[in-house]
Every structure is written in C-alpha cells, then in structure tokens.
Amino acid sequence: MLNDIRIALIHYPVLGKDGKIVSSAVTNLDVHDIARTARSYGIRKYYIVTNLPAQQEVVKTVLNYWVEGAGREYNISRTEALKLVELKSYIEDVLDAIKQDTGKEPLLFFTSAKKRPNSISYKEGAEIIRKTERPVLILFGTSWGMPQELVDMCHYVLEPVREKSDYNHLSVRAAAAIIIDRLIGEEV
C-alpha cells in the first residue's frame with residue numbers, strides 16, 4: 001500500500017561507538033532533509049524519536065519556526081514538508097499512534113548499513129509494500145545503528161545501501177532518500 005508509508009528516525013535506542021545503548025543528538029539537517037524527501041515521495045508521516053527533553057526542544061524549535069512562525073512566510077514548500085514531522089519519545093509511542101490512526105499494526109522494516117541475516121532486497125521490499133493492506137513503518141537509525149531489540153520488533157530487514165563498496169558511511173538523510181526511492185520509485 002503506497003498510500004500509507006511512514007518513516008521513523010530513531011535517536012533512542014541506538015548504539016554508541018562502544019556498542020552500548022545511548023540517545024543520539026538530533027541534527028537540524030536530518031529534520032529538514034528527511035522531511036523534504038518524505039514529502040517528495042508521498043510519505044504519510046515522519047516520526048522523530050528521541051527521549052531527551054533537550055533534543056525534543058531542538059525539534060520543536062525547528063517545527064515552530066517553519067510550521068507556525070516566520071518560516072511559513074519565507075518558504076511554504078518547507079512548511080509543507082515539515083508538517084509531516086511528528087515528535088515521539090519512544091518507538092512504542094510511534095506504534096501506538098499508527099494503531100490509533102489506522103486501527104492496524106504497522107508492518108515494520110529495519111534498515112542498516114550492515115548486512116544482517118535474512119535481509120531482503122529492495123525489489124522484494126517494494127513488492128511487500130505494494131501488496132500489504134497494513135500501514136508500513138520504515139525505521140532509520142542514527143549513531144552506530146539500532147540495537148537488536150529493534151531488529152527483533154521488525155518484520156523485514158532491508159539489505160544495506162552500497163553493501164559491497166569499500167566505503168559505506170552515508171549520512172542517514174542520504175541513506176533514507178536512496179532507500180525510499182528504491183522502495184517507491186516514481187509510482188507516487
């Protein structure tokens with residue numbers, strides 16, 4: 001179902017460099033650029049998941065400026081994209097919001113820069129998305145990636161972007177744009 005794809009940028013829980021669970025910092029560029037990709041590809045909602053009040057304030061400040069404040073007058077296209085953003089503290093809050101909105105549990109896709117067991121191709125993922133009657137939620141991690149507990153929550157794990165390259169260190173906003181394009185293409 002291409003008309004109910006949602007994405008989540010996970011800042012908690014994510015892995016730190018030492019492999020321990022941490023909360024990562026929100027970046028202004030990720031808020032803007034992923035929202036613009038989401039709007040361009042007909043994504044229904046872009047959730048930013050952070051449990052830290054100070055990081056939530058960063059997101060609220062950006063959204064207030066562009067959705068309610070002077071940014072709206074400056075660039076209405078940016079406003080249109082940022083209206084898709086919804087701030088949540090935890091992934092469970094995202095799942096609850098989708099269930100309340102649709103009455104259905106979302107089909108979850110995990111993304112990673114690392115090859116994982118049983119990962120599926122983008123072609124397979126695109127076919128699953130087109131056939132399902134459930135809302136789709138694609139998770140994107142920050143920092144050193146998402147922990148196993150989030151892999152275990154997901155129904156599918158997508159193959160990495162540029163898995164065979166000798167340099168695999170895309171920004172999450174670049175990876176999100178590539179993955180969304182591979183899954184949706186020009187169909188919306």
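Trainee: Which strand does F110 lie in?
Mentor: F110 is in strand β6, residues 107-110. Keep in mind that this is a predicted model.

Trainee: Is F110 buried or exposed?
Mentor: F110 is buried. Its relative accessible area is 0%.

Trainee: What does F110 touch?
Mentor: Leaving out residues up to four places away in sequence, F110 touches R116, L139, M146, P147, L150, V151, C154, Y156, V157 and L158.

Trainee: And how far apart are the C-alpha atoms of F110 and Y122?
Mentor: They are separated by 12 Å. Along the chain, F110 and Y122 are 12 residues apart.

Trainee: Switching to α8. How many residues does that helix have?
Mentor: Helix α8 has 13 residues, 172-184. From first C-alpha to last it reaches 18 Å, close to the 18 Å expected at 1.5 Å a residue.

Trainee: Which residues of α8 are buried?
Mentor: V172, A175, A176, I179, I180, L183 and I184. They cover an arc of only 140° around the axis, so they sit on the same side of α8.

Trainee: What covers the buried residues of α8?
Mentor: The cover includes β1 (5-10), α1 (28-40), α6 (122-131) and β7 (136-141).

Trainee: What comes just after α8?
Mentor: G185, which takes a positive phi of about 65°.

Trainee: Now the whole protein. How many helices and strands?
Mentor: There are 8 helices and 8 strands. Of the 188 residues, 49% count as buried.

Trainee: What about its radius of gyration?
Mentor: The protein has 16 Å. That agrees with a compact globule of 188 residues, which would be near 16 Å.

Key: Residues numbered from 1 in each chain as written. Predicted model: local features only at pLDDT ≥ 70, side-chain atom pairs only at ≥ 80, totals over all residues. Heavy atoms only, no water. Helix = DSSP H or I, 4+ residues; strand = E, 2+ residues; numbered from the N terminus. Buried < 20%, exposed > 50% of the residue type's maximum accessible area, 1.4 Å probe, protein only. Contact = heavy atoms within 4.5 Å. Expected span 1.5 Å × (residues − 1). Arc of directions from axis to C-beta. Rg over C-alpha atoms; globule rule 2.2 N^0.38 Å.
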